Amino acid sequence: MNIPFVSFKPMEKELDKELRAAFERVYTNSWYIEGKEDETFEKAFAEFCTVNYCVGCGNGLDALMLSLKALGIKQGDEIIVPSNTYIATALAVTYVGATPIFVEPDIRTYNIDPTKIKEKITSKTKAIMPVHLYGQPCDMEPIMEIAKKYGLLVVEDCAQAHGATYKGQKIGSFGDAAGFSFYPGKNLGALGDAGAAVTNNKKIADKIRALGNYGSDYKYHHIYQGNNSRLDELQAAFLSAKLPILDKMNTERRRIADMYMNGITNPDVILPYVIEDAAPVWHIFAIRTEKRDELAQYLADNGIGTNKHYPIPMHMQECYKNLGIKEGELPIAEEISRTELSLPMFYGITEDEVQFIINMINKF
């Protein structure tokens, strides 16, 4: 059996007619930037996230960066981020001139540990950026309580959590703003790079839109030193074609995750932990094992694709040597980086394929 880590083919086959129609619609209209397709998707995605405003961006990193800029984050500010996440989270902070302050995760969930946030708050701290990693919601109640107590902003990184909920509330609707990525492999993916920022604040939404359009509130009138980061019409049309089946695709991911959770019994494997009242969407199904590299090779030898998220923690990356964080100072992030292995998780994987993966892991 040959099982890839991810495949878009089942989803693309199901939506072939809709995706082709989306292309034809945009191509026929000859309008490619900031048109009806963008407007239609932004409205629909805002409703999906249960927020008032959505602003399309070029990618998820830009969605976070523009949100921080719109909220007034600047040079000299400090932003609390998890030590275990994809580097885009920290880069968004760096790009606005602020400093990322790493807080260790809960080893069970891989998400930021709320009990460790307070000790990192200083007079320079301006915001908390919780990341709903792998589609697992963060424990938002204590995070929001800390933010309120210390007068901090909250910008959610929802790049991997489209449709996830915490205590029945959609991820992305808790903070002052939130950023989503529509990279092709995401639960809601474009056919190229794309992203969006969401918020309930009209002033922030308007500023994000202006900042992403060269700082312009109307043509040739520039009120900010902005960027060029807009969701193009073609990607918006593709996303509109996919959005109606996002809940269905997430339900399928939950079913696959349940099979893994109930079927994997190998004592060398640590399964994900879901906090109370959280409903993940399982962008990534991440297990951990001290025998990570051996298991990855064994599964590859048996035709099963895997991935590692993320093999080098941010503080040990060349680009963040300037922070002066030495190996061993963030041991939980380092342990996750050393032991994490991601199993195949995609819409359309069959029960037989999932069971084969489970059987191979249990035999390892």
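Predicted model: local features only at pLDDT ≥ 70, side-chain atom pairs only at ≥ 80, totals over all residues.

Colleague: Is Ser337 buried or exposed?

Modeller: Buried. Its relative accessibility is 3%, and buried means under 20%.

Colleague: What does Ser337 touch, leaving out residues up to four places away in sequence?

Modeller: Ser337 touches Arg292, Tyr310, Pro311, Ile312 and Pro313.

Colleague: Okay, new residue. Where is Leu66?

Modeller: Leu66 is in helix α4, residues 60-70. Leu66 counts as buried because its relative accessibility is 0%.

Colleague: And which residues is Leu66 in contact with, beyond its neighbours within four places in sequence?

Modeller: Cys57, Ile208, Leu211, Gly212, Asn227 and Ser229.

Colleague: How far is Leu66 from Asp77, by C-alpha atoms?

Modeller: The separation is 15 Å. Along the chain, the two are eleven residues apart.

Colleague: Let's zoom out. How many helices and strands are there?

Modeller: The protein has twelve helices and 14 strands.

Colleague: What about the nonpolar cores?

Modeller: The largest has 54 residues. Phe41, Phe45, Ile117 and Phe182 have the most contacts inside it. Several elements each supply at least two residues of this core, including α2 (16-29), α3 (36-48), β3 (99-103) and α8 (233-242).

Colleague: Which element gives the most to this core?

Modeller: Helix α8, with five residues.

Colleague: You mentioned Phe182. What is Phe182 in contact with, leaving aside neighbours within four places in sequence?

Modeller: Quite a list. Among its contacts are Phe41 and Phe45, along with His162, Leu188 and Leu239. Another core lies apart from the largest one. That other core has 35 residues, among them Ala63, Met65, Ile79 and Ala92.

Colleague: What share of the whole protein is buried?

Modeller: Buried residues make up 57% of the 364 residues.

Colleague: And the overall dimensions?

Modeller: The C-alpha trace spans about 65 × 55 × 35 Å along its principal axes. The radius of gyration is 20 Å. A compact globule with 364 residues would have one near 21 Å, so the value agrees.

Colleague: What about contacts across the sequence?

Modeller: Take contacts between residues at least 6 apart in sequence. Of these, 71% join residues at least 24 apart.

Notes. Residues numbered from 1 in each chain as written. Heavy atoms only, no water. Helix = DSSP H or I, 4+ residues; strand = E, 2+ residues; numbered from the N terminus. Rg over C-alpha atoms; globule rule 2.2 N^0.38 Å. Buried < 20%, exposed > 50% of the residue type's maximum accessible area, 1.4 Å probe, protein only. Contact = heavy atoms within 4.5 Å. Core = buried A, V, L, I, M, F, W, Y, C linked by side-chain atoms within 4.5 Å.
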